Amino acid sequence: EPTPRGGIVGLINRQRTKPLLAAVEGFALGGGMELLLCCDLVVAARNASFGLPEPKRGLMPDFGGAFRVARMLPANVAREMLLTGESISAERAERLGFVNVITEPGQALDGAIALAGKICANAPLAVREALSLVNHEVAGDEEPTWERSHAAHARLLASEDVAEGISAFFEKR
């Protein structure tokens, strides 16, 4: 359920003053990928993969992924993910600057804690102010984009494509 401070799943629209780090083991697809797009740093196991498969089901990412992915990845890679629904590997995500640290499988949480330790070694006010500035520069004012995203999602939900996509998913075709 949405929360007053964070919106969808309590995180999608949350304004934070502390860095948020993600530790990824395995798949981060759809909503999982969209949660990562809310994070400031990403640590991933070598076997992790990232994707927005919603187009395969007649949908689009509706938790901000449709527009945030282009802020975190090069535009052509964002388009590739949004238009094909295909995933990218942890190695490719690191090369593209989306993943900060790659670990061996089972070590992503330890890697994220180590990275958090490096942040915590710095002056808290400096970290807070720098994070605020960079996140504002990256995201700007999302309100008009959210309005367009909600309208596009509503149009898709009313389409036959969604019904077919959901049937195909459950029938494994």
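## Strands and their pairing

The model described here is a predicted one. E1 pairs with strand E3, residues 41-45, in the parallel sense, and four bridges join the two; within this pairing, Val24 stands opposite Ala44 in E3.

An open sheet is formed by three strands in the order E2-E4-E5, and its pairing is mixed. Strand E2 (27-29) and strand E5 (88-89) stand at the edges of this sheet, and because each has a single partner strand, one side of each is left without a neighbour in the sheet. E2 runs parallel to strand E4, residues 49-51, and is joined to E4 by three bridges, with Leu29 standing opposite Gly51 in E4.

## Helix H6 and the residue that follows

Helix H6 covers residues 124-139, and the length of this helix can be checked against its residue count. At 1.5 Å a residue, the 16 residues of H6 should span 22 Å, and the C-alpha atoms at its ends are 22 Å apart, which agrees with that expectation. Just after H6, Gly140 takes a positive phi of about 60 degrees.

Ser132 lies in H6 and counts as partly exposed, at 43% relative accessibility. The C-alpha atom of Ser132 is separated by 8.2 Å from that of Arg16, although the two residues are 116 residues apart along the chain.

## The two largest pockets

The largest pocket holds about 810 Å³ of space. It is lined by 27 residues, of which Gln15, Arg16, Asn135, Ala139 and Glu142 are the closest to its centre. Helix H2 (65-72), helix H6 and helix H7 (143-157) each supply at least two residues of this lining, and the largest share, seven residues, comes from H6. Sorted by class, the lining of the largest pocket has twelve nonpolar, seven polar and eight charged residues.

The second largest pocket holds about 270 Å³ of space. Its lining consists of Thr17, Lys18, Pro19, Leu21, Ala116, Ile119, Cys120, Asn122, Pro124, Val127 and Arg128, and helix H5 (108-120) and H6 each supply at least two of the lining residues. By class, the lining of the second largest pocket has seven nonpolar, two polar and two charged residues.

## Cysteines

A disulfide is a covalent bond between the sulfur atoms of two cysteines. With a cut-off of 2.5 Å between the sulfur atoms, the count for this model comes to zero disulfides. For Cys39, the closest cysteine sulfur is that of Cys38, and the separation of 6.6 Å is too far for a bond. Cys120 is likewise in no disulfide, the nearest cysteine sulfur, that of Cys39, being 15 Å away.

Cys39 and Cys120 also fall into separate accessibility classes. Cys39 has a relative accessible area of 9% and is therefore buried, the cut-off for that class being under 20%. Cys120, which is among the residues lining the second largest pocket, has a relative accessible area of 65% and is therefore exposed, the cut-off for that class being over 50%.

Technical notes
Residues numbered from 1 in each chain as written. Predicted model: local features only at pLDDT ≥ 70, side-chain atom pairs only at ≥ 80, totals over all residues. Heavy atoms only, no water. Pairing = 2+ DSSP bridges. 1 Å grid on protein atoms, 1.4 Å probe; cavity = no way out; pocket = protein on both sides within 12 Å on 5 of 7 lines; lining within 4 Å. Points joined across faces, edges and corners; volume = space filled by probe spheres on them. Nonpolar A, V, L, I, M, F, W, Y, C, P; charged D, E, K, R; others polar. Buried < 20%, exposed > 50% of the residue type's maximum accessible area, 1.4 Å probe, protein only. Expected span 1.5 Å × (residues − 1).
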